[in-house]
Amino acid sequence: MRLAVSLAGLLFAGAAIAADKPTELAQLELLAEHPIEGMAAGNLSGLTRCGEEWLAVSDREDDRFYRLRPGDGAWQAEAETFDAPPVPPSALPWGLRMRTWTTNLLRGGELDFESISCDEKGNRYLLSEAHTALLQVGPSGIAEWLALPEGLVRQARASGMLLRHNALLEGLVVDPAGERLWLAAERERRGLLVLHKDKGRWRCTGGCVLMSEAGQVRSPLTPQSDKRYPRSFGDLALLDGKLFTLERLQHRICRRSPTTGAEEKCWSFSAAAVADGRLYPEPYGNAEAFWLEKGGAWLGLDNNDLPRADGERRPLLWHFKAPAGGWGAP
């Protein structure tokens, strides 16, 4: 009996080790790296392309987003300013709102814009993590806060999301028609939410929550360490009807179902992150901005003004080649 129990214990331990070992993913090939000049406060936290125009946002600036002018080396950022009206009342608890407000007051960026997306009409959508709110900036430059469903925050918190300071909404993507949008809750628990526009109003059609996930994993930046960190989402992209997530701690991009959030396939960019002096002095990873096209992926690094191993401290844009078989490969 003792032998049977011992064998069962060994099998269980072996299964646990196997489950903890990260799956070997295909590595994406880094094609180019572009420093960004002209973002005075740095902190490249969101990226999108509207037609032929590259746009970026910083989580330290409340009155602007940036147009990026490509170059062979560094890209130049040019600010477009706007006047954001007063933020609508937040459904977050008072204590969480006050802690977020105090932190942002000290560091700068009270609205804490973490992601940017756009629709085919030329509307720009900016995600405020601090207020779990969406600011729409129209083609004319007029900014207005979207009226989000009352149940959005309640449903997210009931699923274990949006409970912790600095772990709120982190990613946003809008479909080209401007009729459906997805939001990513960052961590502890991370998750995906979806909203549909119905008769001009954003609603939780059949519920806002697609998925919610807990758990901790090791960082590929510190393979020698057994320390684990919460799974997280950094940003979202949409391509050919599929939803893609930037998962910065694990240094990977994953394709997911837009209706359930279920993971379908993932690719890694960890090899590029650890090579040639690119390591930063923190284990979480700095990729926070994300845009995807058929030919490749673009990742923006929010380095919090910290230098990496080679001394570079400007915001950076990484351009990766699409995987063999494309993003829709089985």
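Rings of Phe, Tyr and Trp (its six-membered ring) count as a pair if their centres lie within 6.5 Å; planes under 30 degrees apart are called stacked, over 60 edge-to-face, and the rest tilted. With that in hand, here's one to spot: Trp54, Trp75, Trp291 and Trp298 form one aromatic cluster. What you're looking at is a predicted model, where local features need pLDDT of at least 70 and side-chain atom pairs count only at pLDDT 80 or more, while totals for chains, interfaces and linings use all residues. Residues are numbered from 1 along each chain as its sequence is written, and side-chain values use heavy atoms, with hydrogens and water left out.

**Aromatic rings**

- A search through the whole structure turns up 11 aromatic pairs.
- Take phenylalanine 82 and phenylalanine 113: their ring centres are 6.3 Å apart and their planes sit at 65°, so this pair is edge-to-face.
- These two come from distant parts of the chain, 31 residues apart: phenylalanine 82 is in the loop between β5 (75-81) and α2, and phenylalanine 113 is in strand β6 (residues 113-118). (Helices, H or I with at least four residues, and strands, E with at least two, are DSSP runs numbered from the N terminus.)
- Both phenylalanine 82 and phenylalanine 113 are buried. (Buried means under 20% relative accessible area, exposed means over 50%, and partly exposed is in between, using a 1.4 Å probe and protein chains only.)
- Tyrosine 229 and tyrosine 284 make another edge-to-face pair, at 5.3 Å centre to centre with 85° between the planes.
- This pair also links distant parts of the chain, 55 residues apart, with tyrosine 229 in strand β16 (residues 228-230) and tyrosine 284 in the loop between α4 (270-274) and β21 (287-293).
- Tyrosine 229 counts as buried at 10% relative accessibility, whereas tyrosine 284, at 43%, counts as partly exposed.

**Helix α2**

- Helix α2 covers residues 94-107, which is 14 residues, and reaches 20 Å from its first C-alpha to its last, close to the 20 Å expected at 1.5 Å a residue. (The expected span is 1.5 Å times one less than the number of residues.)
- Leu96, Thr100 and Asn104 are buried in α2.
- Looking down the axis of α2, its buried residues fall within an arc of 55°, so they line one face of the helix. (The arc is that of the directions from the helix axis to the C-beta atoms.)
- Those buried residues of α2 pack against α3 (151-158). (Contact means heavy atoms within 4.5 Å.)
- Over on the other side of α2, Trp94, Arg99, Leu105 and Leu106 are exposed.

**Nonpolar cores**

- The largest nonpolar core has 23 residues, and Phe244, Ile253, Phe290, Leu299 and Trp327 have the most contacts inside it. (A nonpolar core is a set of buried Ala, Val, Leu, Ile, Met, Phe, Trp, Tyr and Cys residues joined through side-chain atoms within 4.5 Å.)
- Apart from it lies another core, of 22 residues, including Leu146, Val153, Ala156 and Cys208.

- Most residues other than glycine have a negative phi, and most peptide bonds are trans.
- Glutamate 188 has a positive phi of about 50° although it isn't a glycine.
- A cis peptide bond joins glutamate 188 to arginine 189, with omega at about -5°.
- Asparagine 166 isn't a glycine either, yet its phi is positive, at about 60°.
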